[in-house]
Amino acid sequence: MKGGVQEWFGTLARLLVGGVWLVAGAIKVPNGAESVRAVRAYRILPEAIVPTVGHVLPAVEIVVGLALIVGVLTRVMAIVSALLFVAFIIGISSAWSRGLQIDCGCFGGGGFDADATAKYPWEIARDVGLLLLSLWLVWKPRTRFALDSLLFRRPTPAPERSDHAERPTTVHG
Amino acid sequence: MPNDRPPSTAERAAAALREQERAKRRRQFLIVGGVVAVLLLIGGLTAFAIGRGDSTGKAVDASGTPANTDGYSVVVGDADAPLTMKFYEDPQCPICQQFEAAVGEQVQTAIADGKVQVAYHIVSFLDDASKNEYSSRAANALYVVADAAGPDVFAKYHSLLYENQPAEGTAGPDDDQLIAWAVEAGADEDAVRPGIAGKVYAQFVTNATDQMSKDGVNGTPGVFIDGEMQPDPGTAVNAVLQAIQ
């Protein structure tokens, strides 16, 4: 892929992954209790931290989503995004392998789901796809229409001038 | 190495460049710091709002705890019965309605015959599936009836509510209707009206719902027979009928 195409692809990846995070987080805001139960249903985390995770995870999802959509701190946020997807893939696979029949609670909801076993592969496939897009952004964080490119403007005029300045100094050295 | 000569043009230019680089790094550091601060603020406020909106676990005092309950359940039947069951049910849950339609009558007969004791864990998480919070109002009403009129009237009321369960996505029966059915089941209207209209056990219901998930029940109906959780509602129906026949 050429540079320009890569940057456009990155923009698409940012909007898609960020949009998914924002929606997933926002849906959970009005119902913290449900989010806590969805986390608990995986039976992975100790009860002491389950309520906190249930309340904080949607907030993290919203922050990552907003940051990716506007394209700020893209690489860092893409790393967080990728780590979250890895965690979710592990969580869903673990629930599946233990024979739990639960809704993943990805977009609110959660709890028992009679069709869970049929849905697990699709949920994992979706998360793997979003993980790959996140990793792309870790690798190529420069994208079009990103706030990053306004905040950290590159290329600046400075390098051009430094060429002139550096050459004489090396002569002296 | 000491050097007395004044800085050359090139050296001055290099110094200026270094200064420029430092300024640029400082500026970038401030921008990153500012962005991180804004994101942390958004995240912190959101997490705080979610936590505040979730009253789960808030203590209920004696007036917020219905009488005739054991833990977060209403126990119906003879304490000496050879068999015990636990049903976790949401009044708005259609599968609970199907479960009750399939086993309710037989279970009530078995209770009357002293064969089984059933702990009804009434919970509520389906207010989103109702236009007027039927799930939590009905759950509250069930505990009000248990409190005011005891487990046997509660059992009749519980059957009445499932026979008349509103469809998901509709407006369920209003408080007056819930009170009318309570009276039909055998409760005294004056004893149940304030509790049903005032939703006095709302926090109790919230805590009961949290306890359900702590008990490992991820959905309703959650059915235990002699302490053993049934894997799904279909299996539960057969197992319950088998156990009490």
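Me: What makes residues such as Val153(B) and Phe154(B) contacts of Val145(B)?
Reply: Two residues are in contact if their C-beta atoms, placed from the backbone, lie within 7 Å. With neighbours within four places in sequence left aside, Val145(B) has such contacts with Val153(B), Phe154(B), Tyr157(B), Ala182(B), Ala185(B), Ala187(B) and Val192(B). This is a predicted model, in which local features need pLDDT of at least 70 and side-chain atom pairs count only at pLDDT 80 or more, while totals for chains, interfaces and linings use all residues. Residues are numbered from 1 along each chain as its sequence is written, and chains are lettered from A and ligands numbered from 1 in the order in which they are written.

Me: Why is the set that includes Val145(B) called a nonpolar core?
Reply: The name applies because its members are buried Ala, Val, Leu, Ile, Met, Phe, Trp, Tyr or Cys residues joined through C-beta atoms within 7 Å. A residue is buried if 20 or more other C-beta atoms lie within 10 Å of its own, exposed if 12 or fewer, and partly exposed in between. This largest core has 54 residues, of which Val118(B), Leu142(B), Val145(B), Phe154(B) and Ala182(B) touch the most other members. Helix H3 (residues 134–149) of chain B gives the largest share, 11 residues. A second, separate core of 39 residues includes Val17(A), Ile102(A), Cys104(A) and Leu130(A).

Me: How do you know that the buried residues of H6(B) line one face of the helix?
Reply: The buried residues of helix H6 (residues 189–197) of chain B are Val192(B), Gly195(B) and Ile196(B). Seen down the axis of H6(B), they fall within an arc of 95 degrees, so they line one face; the arc is that of the directions from the helix axis to the C-beta atoms. H3 and helix H5 (175–185) of chain B are among what covers them. The face turned away from the buried side of H6(B) carries the exposed residues Glu189(B), Asp190(B) and Pro194(B).

Me: What makes H2(A) mostly covered?
Reply: Of its 10 residues, 10 are buried. The cover of the buried residues of H2(A) includes helix H1 (3–28), H3, strand S1 (102–103) and S2 of chain A, together with helix H1 (9–53) and helix H7 (202–214) of chain B. Helices (H or I, at least four residues) and strands (E, at least two) are DSSP runs, numbered from the N terminus. Arg43(A), which follows H2(A), has a positive phi, near 50 degrees.

Me: What makes up the side of chain A that touches chain B, by class?
Reply: The contact takes 32 residues from chain A and 26 residues from chain B. The largest share of the chain A side, nine residues, comes from H3(A). That side has 23 nonpolar, six polar and three charged residues, where Ala, Val, Leu, Ile, Met, Phe, Trp, Tyr, Cys and Pro count as nonpolar, Asp, Glu, Lys and Arg as charged, and the others, Gly among them, as polar.

Me: How confident is the predictor in chain A, and where does pLDDT stay under 50?
Reply: pLDDT is the predictor's confidence in each residue, from 0 to 100. Chain A has a mean pLDDT of 88, and 88% of its residues reach 70 or more. Over residues 155–173 of chain A, however, pLDDT stays under 50, and the model has 10 contacts beyond four places in sequence for them. Where pLDDT is low, the predicted coordinates should not be read in detail.
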